Every structure is written in structure tokens, then in C-alpha cells.
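Biologist: I would like to learn how to read the strands and helices of a model. Can we work through one together?

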Amino acid sequence: MPDPAPTRAPLRIDGATLRLVRLPLVTPFTIATGTMTEKVFPLLTLRADGLEGHAEGVMDPLPDYLEETVAGAMDLLDKVLLPQLLGESFAHPESLARRLAPWRGNYMARATVEMAFWDLWAKSLNLPLQTVLGGEGAAVDVGVSLGIGPVADTLDRIAAHLAQGYRRIKLKVRPGHDIALLQAARREFPDAHLTVDANCCYTLADAGLIARMDDFGLDYIEQPLGWDDIHDHAVLQSRIRTPICLDECIRTAEHARKALQTDAARVVNIKVGRSGGHAEARRIHDLCAAFQVPVWCGGMLESGIGRAHNIHLSTLPNFTKPGDTSSASRYFTRDIVEERLETSDGRMPVPKGPGIGVTLDLDYLASATLATRDFRA
Ligand SMILES: [Mg+2]
């Protein structure tokens, strides 16, 4: 595929700042693979033409969601990706993404650079990110993801979030915390849009148990099986009625193609931060649309920078199911951006202005920063 036609003179990346940031979570977040009490992430700023673009990495400190880690990504960004790109010029973010394409894996580290450049590039055109991505609309539908906890507490939290207008409730499950939870939740909330997310904690040997979830009218079952196992999800889908939604399995459009062609995913959770960036996320989106498979935007407990990127991406037309981009205040007492990213009646407004439309709160960011490294071309 040739480079896209340039819409502006190439932007030369002439500087960068890579920070390691730590934000405490309001409440611990427990899923099948463990509990998070704080969010630690790389925050990248790219500079060109007097403008700045920002993005954050969505990898965890330990390889418990996918194989990437914060330490590994910081090292790759510091020693390889940023030195490779500083002083280079790109007329379009797709061109930058193509420069990174020969590297194997490391989609989260690559996405950090690629997304920062999209923000920078959109700002250089004085356009919102959603516009350059091909999205439209002033707000997006959102749901919430509720971590694992006592069933009674979970029922209270479902009620509270439905009352706030959230359009879908996703329940984290794991073996032993599944059928009884769903029985109770469906009894109390017969009409709610409910889904479950297993974060890979079952195997095909659990197909009988997973089939029992067909009784609860779930919108979908998210990633029940192995993080890199598209094949077994196709086998499972042939045995259950509830649509399977893939998350961890879909890092690239090639993964999406294989899942779609084998009926391993009837819904796809797109996380731009784990897919190499917006260019690849958009290809996954377009491919799913061609298969008439709906998508939604997943979250990784991002700060306001990553959250804003997710919201802009969610305005593309095939994001027809509510995403995970809920209010930042559900996770953080104070965010690192000036703008408050809060939902109203289950809708998240798209931040206005050029690029991602949010600005760093530099004072608070300084207090949350563990390490900083500046780069100059
Ligand atoms: Mg998930």
C-alpha cells in the first residue's frame, strides 16, 4: 500500500519527553488475573513545529494482561523507538506506523508513539482527532466494567451505575465467581444490558459451564479462553448461543481477519493502545464492519490522555456498542489533565478542540511523575 497522499508538509519530530507516571486508584480493581491498586504507565510527549502530541502506554507493570510490561516498554521507547524517530519527518501518521511495522510484537509500546503522533498531526491541521480518524458526533455511549467482589456489593454497584445512566454493565468473572453472580444479577436487573469478561480464565474443558451462561441473556461473553487462542474460541462459539467478544486475542487486523473468518468473534473489543495505534485500530474497525461484526472501545484504566484518545476513536461508525470510556472520577481522585472527562446519562462528551482536546495539568503531573527523560533531535 502506498503512503497516503500528504495533507500537509511533513512534520519533523524534533523533541520528546518520556515520563513514568503513577496514579493511585480510588478503589482496587480486581479481575481474574489479579488486583490493581495503582496505575503506573509511560506518558509520551512528541514535539514538532512548536506543537505537542501526547499518548500513554497501556501495558501493565507485570505481563498479566498481555506479554508487554511497563519496564520493557520504557526501555524500548528510550533506546530504540524514540531514537529511531527523532529528527525524522512524516506527512501522515500511517507513514510513521509503517516505519515501526517491522518490529515484532510490542504493539502497546508502538501505539504509545503512534498515538502521540496522531495527536500532534491533528493539532498541526487544527482539527479534532475524531475528524482526522473519520469519526463524528459530540458524545459516545458508555458502559462500566465492574471488578470482582462480593455478590451483594456487586449488585449495589450495578444499581448505582444503572441509576447514573450507564448503558451496559460488564461483570468481571472467574471460575467460582460466575453462575451464582449472573443468577443474582439477572434476577435483580431483568432488562439491563449485561456482559461478562473472563480475561482468559477458562479453557475448552469449561465449555459446559460457559454454555450455562446462555440462560442469562448476556450481550456477549468477553475473552473466555486463552489470550492468543483464536482457534479454541471458534470451537467454543460453535457450542454456545451467546456471542463471543474477543479482546486480548485481537492485537492486529490479521488477528481480526482470522477470528472473523472462523466465527471466533461475533463482537470485537478494540483497544487502540494494545493494537499498535489508531492506524491499525481503524483497520480492525473497518474489517469488522465488512463482516457486520459490531465493535466497542475497551479501556485499560487510562488517565485522561489515553481516555481522550479512546473517546475520539469511539466516534467511528461501527462502534455501535457502549465502550469502557466511563468517567475518570470512577478511577482517579485527580486526573493529569485539566479537563474533566465525565459522563452524563451514559454518554461521554468528545473533548473539543484540536487533537485529543485535553491539556496536561503540569503541576499535578509533576507530583505523579516517577521519572522523566527528555530527547532532542
Ligand atoms: Mg476485556
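We start with a sheet, then turn to the helices.

Modeller: Keep in mind that this model is predicted.

Biologist: What is the strand order in the open sheet of four strands?

Modeller: The order is β4-β3-β2-β15, and the pairing is antiparallel.

Biologist: Which strands stand at the edges?

Modeller: β4 (51–56) and β15 (369–376) do. Each has a single partner strand, so one side of each is left without a neighbour in the sheet. On average, neighbouring strands here are turned by 25 degrees against each other, direction ignored.

Biologist: How many bridges join β3 to β4?

Modeller: Six bridges link β3 (residues 34–48) with β4, and the two run antiparallel.

Biologist: Which strands does helix α1 touch?

Modeller: Helix α1 (residues 70–85) packs on the sheet and touches β2 (15–31), β3 and β15. The direction of α1 makes about 10 degrees with that of β3. Helix α3 (residues 107–124) lies across β3 and β4. α3 runs at about 145 degrees to β4.

Biologist: What describes two packed helices?

Modeller: The angle between their axes and the distance between the axes. Now the case here. Helix α5 (residues 151–163) and helix α6 (residues 179–188) pack at about 35 degrees, with axes 10 Å apart. The crossing of α5 and α6 is right-handed.

Biologist: Which residues of α5 and α6 meet?

Modeller: From α5 come V151, T154, L155 and I158; from α6, A180, L181, A184, A185 and E188. By class, this contact has seven nonpolar, one polar and one charged residues.

Key: Residues are numbered from 1 along each chain as its sequence is written. This is a predicted model: local features need pLDDT of at least 70, side-chain atom pairs count only at pLDDT 80 or more; totals for chains, interfaces and linings use all residues. Two strands pair if DSSP finds at least two bridges between them. Axes are lines fitted to C-alpha atoms, for helices over the stretch in contact, and angles run from 0 to 180 degrees between N-to-C directions. Two residues are in contact if their C-beta atoms, placed from the backbone, lie within 7 Å. A crossing is left-handed if the near helix is turned anticlockwise from the far one by less than a right angle, and right-handed if clockwise. Ala, Val, Leu, Ile, Met, Phe, Trp, Tyr, Cys and Pro count as nonpolar, Asp, Glu, Lys and Arg as charged, and the others, Gly among them, as polar.
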